[in-house]
Amino acid sequence: METVADGEVTGESISEVPVVEVNEQNFSLAIVQFCKALSRATLIAVDLELSGLGEIGRNYDHLQSRYDAYKKAAESRSVFAVGVALFSLRKIKGKSIKYKSHVFNFLTMSNHPFVVDPDSLKFLRSHGFDLSGHCEKSIGYTPAHLRDATKPKNRKDSMKVVWRAILDANVPIAFHNGLVDTVFIYSHFMDLLPASSDEFVGKLASVFNDKRALLDSKYLMEYSVRSTTSFLLYVFRKLQRQNFVESKSERTYQKIRFPKRNGLLEYMLPVNCELPEHVMNDQMDGGLLIKPLLCTKYMNHGFCKTSGCTNIHDIDLVLDVEELEQRKVRARRKRRHERITSSSKNEESIVPGKCSSRNAVDGASPNVETLLAARRSTFGSGGSHNAGMDAFMTGFAILYMNRMKILREKPIVDEHSNVLPLTGKHFGLRLKAVTYGTETLVS
């Protein structure tokens with residue numbers, strides 16, 4: 001499942017991720033493979049697909065107000081899918097860290113009435129979601145917050161078994177922006193949500209500990225890497241590119257391998273995530289011409305709710321522009337440094353042919369139409385989105401950002417573990433026992 005660039009240079013890249021779709025019909029077969037892979041896992045990444053979030057999305061002044069909104073959403077909506085990506089460390093050789101990954105997408109639906117948000121349905125439909133098929137073959141479950149409700153006859157709560165198995169594995173569990181996911185998981189697969197945010201934080205702290213730590217890729221990206229952009233598609237694609245460059249330069253990188261085809265072959269849905277050819281061959285000249293055509297909202301947040309927006313929503317073109325602007329800054333700094341240190345009269349000729357903003361937009365560059373025709377990417381749209389793939393992207397990001405610790409055989413649990421990001425805030429929420437009714441926040 002790998003590909004390398006054509007030409008003189010090669011690097012480590014992933015061409016596709018095989019996601020096993022688990023439904024009511026194949027659950028008995030898939031759960032055997034799942035538990036076998038789970039027993040070897042060194043990291044578990046989880047992502048949920050939901051029937052909606054309601055009014056969630058506002059910035060909240062207090063944690064209790066935020067928690068109340070999340071709790072209301074969890075108790076009125078359904079989990080449509082649970083994505084689980086399992087990563088097992090196989091070997092470390094030189095600067096190469098090799099993993100084997102199994103990716104599952106459990107299709108689920110509450111057995112009891114729930115709310116579906118129109119925006120969520122539109123989003124799911126635009127990514128190939130089949131609502132009719134989902135209703136027919138999804139794994140039904142009774143939400144834990146309806147524990148006193150009458151359960152359908154002859155139906156087991158299979159997803160509660162899955163979540164219990166995940167916890168029993170006692171390895172770090174990764175999320176991306178995980179506060180919403182943990183509220184839904186607790187409400188649907190564990191127990192009735194407590195009334196106060198303080199008590200909920202305390203209960204999560206008892207679930208996630210030093211061994212079974214919670215890791216959040218959004219929090220790491222914002223507070224460890226210090227990136228101002230942190231939506232999942234951006235995080236994964238940026239780190240996937242960096243991993244390719246690191247491998248090509250013989251620096252520390254990670255290899256991801258997938259299981260050979262087995263009895264689940266007919267349920268495997270390959271998700272293409274191959275890097276664009278112009279990226280692997282480092283042929284990005286002229287890419288800055290595209291910047292004015294990119295959607296600003298999409299660039300910053302990964303989505304755009306503007307109806308009929310004619311701007312470009314393409315994560316690879318966004319990253320192309322970002323990379324070229326960074327090269328432009330680096331080249332300018334280098335020229336400035338060399339002008340200062342050089343005593344030669346012809347100091348400006350010291351770095352001929354170096355990349356500059358002029359090279360990116362001069363008359364010899366291709367026109368915009370030619371660039372778009374050659375470089376537009378479909379990654380992140382259509383069938384490339386599902387909870388299983390999102391879980392894989394989350395796990396990949398967590399492992400990559402911790403690769404130096406893993407290379408040195410150090411634990412990845414540190415001061416950034418067991419902390420969840422709070423959207424709109426410059427601090428995170430640390431999961432620890434709360435005293436005197438006050439939540440624990442970290443900056």
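**Cavities and salt bridges in a predicted model**

V46, L48, V82, M159, V162, W163, I166, I185 and F189 line the second largest cavity. That is where I want to start. First, the ground rules. This is a predicted model, in which local features need pLDDT of at least 70, side-chain atom pairs count only at pLDDT 80 or more, and totals for chains, interfaces and linings use all residues. Residues are numbered from 1 along each chain as its sequence is written, and side-chain values use heavy atoms, with hydrogens and water left out.

Now the terms for cavities. Rolling a probe the size of a water molecule over the atoms shows where empty space is left. A cavity is a set of points, on a 1 Å grid over the protein atoms alone, where a 1.4 Å probe fits but cannot get out; lining residues have an atom within 4 Å of a point. Points are joined across faces, edges and corners, and a volume is the space filled by probe spheres set on the points.

Back to that second largest cavity. It holds about 50 Å³ of space. Helices (H or I, at least four residues) and strands (E, at least two) are DSSP runs, numbered from the N terminus. The largest share, 4 residues, comes from α5. The lining divides into 9 nonpolar, no polar and no charged residues. Here Ala, Val, Leu, Ile, Met, Phe, Trp, Tyr, Cys and Pro count as nonpolar, Asp, Glu, Lys and Arg as charged, and the others, Gly among them, as polar.

Next, the whole set. The structure holds 5 cavities of 30 Å³ or more. β4 gives the most, with 4 residues. By class, the lining of the largest cavity has 7 nonpolar, 4 polar and no charged residues.

On to charges. There are 19 salt bridges in the structure. The criterion is a side-chain nitrogen of Lys or Arg within 4 Å of a carboxyl oxygen of Asp or Glu.

Pair one: E12 and R257. Their closest N and O atoms are 2.8 Å apart. E12 sits in the segment before β1 (16-22) and R257 in strand β8 (residues 253-257), so the bridge ties together parts 245 residues apart in sequence. Buried means under 20% relative accessible area, exposed over 50%, partly exposed in between (1.4 Å probe, protein chains only). E12 is buried, at 8%. R257 is buried too, at 19%.

Pair two: R77 and D117. Their side chains meet in a salt bridge at 3.1 Å, N to O. R77 is in the loop between α2 (63-74) and β3 (79-93), and D117 in the loop between β4 (96-110) and α3 (118-126), 40 residues apart. Both R77 and D117 are buried.

The closest N and O atoms are 2.6 Å apart. D282 lies in the loop between α10 (277-280) and α11 (296-301), R327 in helix α12 (residues 315-341), 45 residues apart. D282 is partly exposed, with 40% relative accessible area. R327 is partly exposed as well, at 23%.

Last item: a network. Salt bridges with shared partners join R237, R241, D316 and D320 into one network.

Conventions:
On a 1 Å grid over the protein atoms alone, a cavity is a set of points where a 1.4 Å probe fits but cannot get out, and a pocket is an open set with protein on both sides within 12 Å along at least five of seven lines; lining residues have an atom within 4 Å of a point.
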